[in-house]
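Look over the chain below. Then read on for a short tour of its helices and strands.

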Amino acid sequence: MVRPMEDMHAHQSFEPADADLDLELRLMWRRSKQEDRNWVDCGGMLRRAGLRPTRQRIVLGRLLFSKGHRHITAGILHEETQKARVPMSLATVYNTLNHFTEAGLLRRIGIDGATAFYDTNPSQHHHFYIEDENMLCDIPADSVVIDRLPEIPEGFEVSGIDVVVRLRRRL
Ligand SMILES: [Zn+2]
């Protein structure tokens with residue numbers, strides 16, 4: 001069964017049977033002219049990560065994870081929901097990105113107070129940040145060697161070290 005968009009917004013917490021939801025989202029995806037081979041089993045991925053597969057999570061999961069490894073900001077993802085004709089608020093996009101990050105599906109890379117990227121490859125690695133283009137590129141984990149760390153305060157342990165090497169084009 002395909003529900004009209006208005007109905008979807010009226011039932012944001014409504015969870016139809018998976019088969020229904022899957023068909024509906026597949027049609028939505030085709031309408032957005034994405035190729036069907038990019039289809040990923042988002043419902044399964046969310047459940048395995050311990051997240052309830054709500055409609056918004058599946059839509060955003062599909063936009064995020066159907067294009068290989070990406071570094072994306074909440075603003076760009078929000079634009080993609082509009083282009084794919086599945087509009088939702090920027091706040092919903094932020095909340096969902098945070099839930100995905102807490103569940104280990106994404107890694108958040110903070111650049112400064114105003115800018116953060118979400119990385120669809122949550123494994124340990126580092127990044128170049130190209131300032132002029134507001135773009136992140138991967139640096140393999142083993143190509144950065146950190147041979148000295150400050151003393152860790154009593155009662156704490158290091159949970160991760162993220163290196164961002166900032167680049168700008170030479171004049
Ligand atoms: Zn990355």
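This is a predicted model: local features need pLDDT of at least 70, side-chain atom pairs count only at pLDDT 80 or more; totals for chains, interfaces and linings use all residues.

Residues are numbered from 1 along each chain as its sequence is written.

The chain has 6 helices and 6 strands. Helices (H or I, at least four residues) and strands (E, at least two) are DSSP runs, numbered from the N terminus. Their order from the N terminus is α-α-α-α-β-α-α-β-β-β-β-β. Of the 171 residues, 18% are buried, that is, 20 or more other C-beta atoms, placed from the backbone, lie within 10 Å of their own.

Helix 5 and helix 6 pack with their axes 9 Å apart, at an angle of about 120 degrees. Axes are lines fitted to C-alpha atoms, for helices over the stretch in contact, and angles run from 0 to 180 degrees between N-to-C directions.

Residues count as in contact if their C-beta atoms, placed from the backbone, lie within 7 Å.

| Helix | Residue range | Contact residues |
|---|---|---|
| Helix 5 | residues 74–83 | Ala 74, Leu 77, His 78, Thr 81 |
| Helix 6 | residues 90–102 | Leu 90, Val 93, Tyr 94, Leu 97 |

Now the sheet. It is open, with 3 strands in the order 5-4-6 and mixed pairing. Strands pair if DSSP finds at least two bridges between them. Strand 4 (residues 126–130) runs parallel to strand 6, over 4 bridges. Ile 130 has Leu 167 in strand 6 as its bridge partner.

Terms used: Two residues are in contact if their C-beta atoms, placed from the backbone, lie within 7 Å. A residue is buried if 20 or more other C-beta atoms lie within 10 Å of its own, exposed if 12 or fewer, and partly exposed in between; C-beta atoms are placed from the backbone.
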